[in-house]
Structures are given as structure tokens and as C-alpha cells.
Amino acid sequence: MAVRLIVVDEHRLLAEALASALKLRGHRVLAAAAPTAGAAELVVSRGPEVCLLGTATPAAPGAFDPVLRIKRERPQIAVVVLGPVPNPRGIAAAFAAGASGYVRHDERIEGVERALVKARAGEAAVAPQLLQSAFTELLNPTAEPDDEGARLLQLLTPREVEVLVRVAEGEDTRLIAQGMRIAASTARTHVQRVLMKLGVGSRLEAAALAARTGLLDRAAARPAADGDAGA
């Protein structure tokens, strides 16, 4: 059964080529357009059954803003994203925005067509191997937590790292001051600086962030802080 759709891609030639191929297969293409900046307005005004939305940067901030607007204003329209071999977070971002499917740029036209039909029927249109690789990486993160931990560690002085470790161990201000042989007011100042640099609002959040990013493991390998003068 023919699908009534709009094709949008950052590259007009690709959008027009896809539109032509889908027309030859019996589908009704209402428009083929670029760039994606005006995609939401076009789709909302024309009201297709499906929007095939191409993007070269699925993990970039704001890449799926058009999807958010389309689903907010015309929730009955299904959106299938056409993108490169994705970072798992790119797939997650697409579906979080409301997309019904994700198809790789190098997919055959038959695969694109199947995705459009499934999306129109209200089904998730994504290849099993893409889902498998995405879930594997998201459930078993490796480099990313370490990278974030390293970045956060660079924000802290050695003394602040020691304070964070003690916070994570559940020490209050008095115990931190005693253990580090500094005044309670100095300990309190260190704690506030740590919270501010990590961008969190409480000691519990700081401890959770440190554990999640591997910051504590990195901190354990860092040389101990020298005593603060006048503390």
C-alpha cells in the first residue's frame, strides 16, 4: 500500500533521489526538501503519513528538534530518521524525540520502504543489528565514563579531590576537618567548591557523579595532596 510521505535531507540531491525512487515504487511523495531547518514547518503544514528525515549528525545537540516539533503539533505523523552508522546515543536521541524508526544511509531502497510502511503502521522501524549494537554499548560503557571522569578530575585541585573522596565515604564536615587537619570552615569551603565545580547541588549528588564516572578510581591513583598552608 502506498505511503504518503515527505522526504527531507540536508543534501537536496539525496532528498530528490530518494523521492524519485520511492515514487517509482508507487508511493506518494508530497515534497522533497532541504535543509532540515525548515523540516518541521513543512511537515506540519503538509500533513504526510510519514516523514523521512535525513541527518548527517544524529548525535549533535538539536539534531532532532524537528522531530520534537512534528510530534508535538502532529503526533499522528510518523518520523523515520535516515542517518549514518550511528553512535548508540544517536539512536536513543532519535527515539527519545519521538521518531518511529532509524535507517542507515547505506540501506537499500527496499529497506527504506519497509521502514516507512512499518512506521506508518505504528511499529518501531529499526534493524535488529542496530538495536543490538546500541544496547550492547549503552549497557556496557567503556571509554565514555572514563573520559568524563578524567575531565571532572582536571577541574579539581588535589585537596578538593581528597575532600570529594571523603564526601563519597560519607564523612560530614567535622570528620573531613579532623581527617585532613584543617579548620571546619576550611573544610566547608572545600566542599562548596567541589559541588560548584562538579555542577551538583548536594554531597549525595557529588558522590553519585563521582562513582558513575569513575572519578573515584582515578582519584585513588592520584598523588596525595600536600597540606594547605594556614588551614
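Helices (H or I, at least four residues) and strands (E, at least two) are DSSP runs, numbered from the N terminus. All views show a predicted model.

**Figure 1. Strand order in the open sheet with parallel pairing.** Six strands form this sheet, in the order β2-β1-β3-β4-β5-β6. Its edges are β2 (28-33) and β6 (125-126), each of which pairs on one side only. Strand β1 (residues 4-8) runs parallel to β2, and five bridges join the two. Within this pairing, Arg 4 has Arg 28 of β2 as its bridge partner.

**Figure 2. Helices α2 and α5 lying across the sheet strands.** Helix α5 (residues 109-120) lies across β1, β3, β4 (78-83), β5 (101-104) and β6, running at about 155° to β4.

**Figure 3. The largest nonpolar core and the surroundings of Phe 64.** This core comprises 23 residues, and those with the most contacts inside it are Leu 53, Phe 64, Val 67 and Tyr 102. At least two of its residues come from each of β1, β2, α2, β3, α3 (65-73), β4 and α4 (88-97). When residues up to four places away in sequence are not counted, Phe 64 touches Thr 55, Pro 58, Val 81, Gly 90, Ala 93, Ala 94 and Ala 97. Another core, of 22 residues, lies apart from the largest one; Val 167, Ile 182, Leu 198 and Val 200 are among its members. In soluble globular proteins, nonpolar side chains tend to be buried together.

**Figure 4. Packing of helix α8 against helix α10.** Two packed helices are described by the angle between their axes and the distance between the axes. For α8 (residues 158-168) and α10 (residues 184-198), the angle is about 90° and the axes are 9 Å apart. Because angles of 65 to 115 degrees count as roughly perpendicular, α8 is roughly perpendicular to α10. From α8, Arg 159, Glu 160, Val 163, Leu 164 and Val 167 take part in the contact; from α10, their counterparts are His 190, Val 191, Arg 193, Val 194, Lys 197 and Leu 198. By class, the residues of this contact are six nonpolar, four charged and one polar.

**Figure 5. Arg 181 in the loop between α9 and α10.** Most residues other than glycine have a negative phi. Phi of Arg 181, a residue other than glycine, is positive, with a value near 60°. The relative accessible area of Arg 181 is 77%; this residue is therefore exposed, the cut-off being over 50%.

Definitions and conventions. Residues numbered from 1 in each chain as written. Predicted model: local features only at pLDDT ≥ 70, side-chain atom pairs only at ≥ 80, totals over all residues. Heavy atoms only, no water. Axes fitted to C-alpha atoms, helices over the stretch in contact; angles between N-to-C directions. Parallel < 35°, antiparallel > 145°, perpendicular 65-115°, else oblique. Contact = heavy atoms within 4.5 Å. Nonpolar A, V, L, I, M, F, W, Y, C, P; charged D, E, K, R; others polar. Pairing = 2+ DSSP bridges. Core = buried A, V, L, I, M, F, W, Y, C linked by side-chain atoms within 4.5 Å. Buried < 20%, exposed > 50% of the residue type's maximum accessible area, 1.4 Å probe, protein only.
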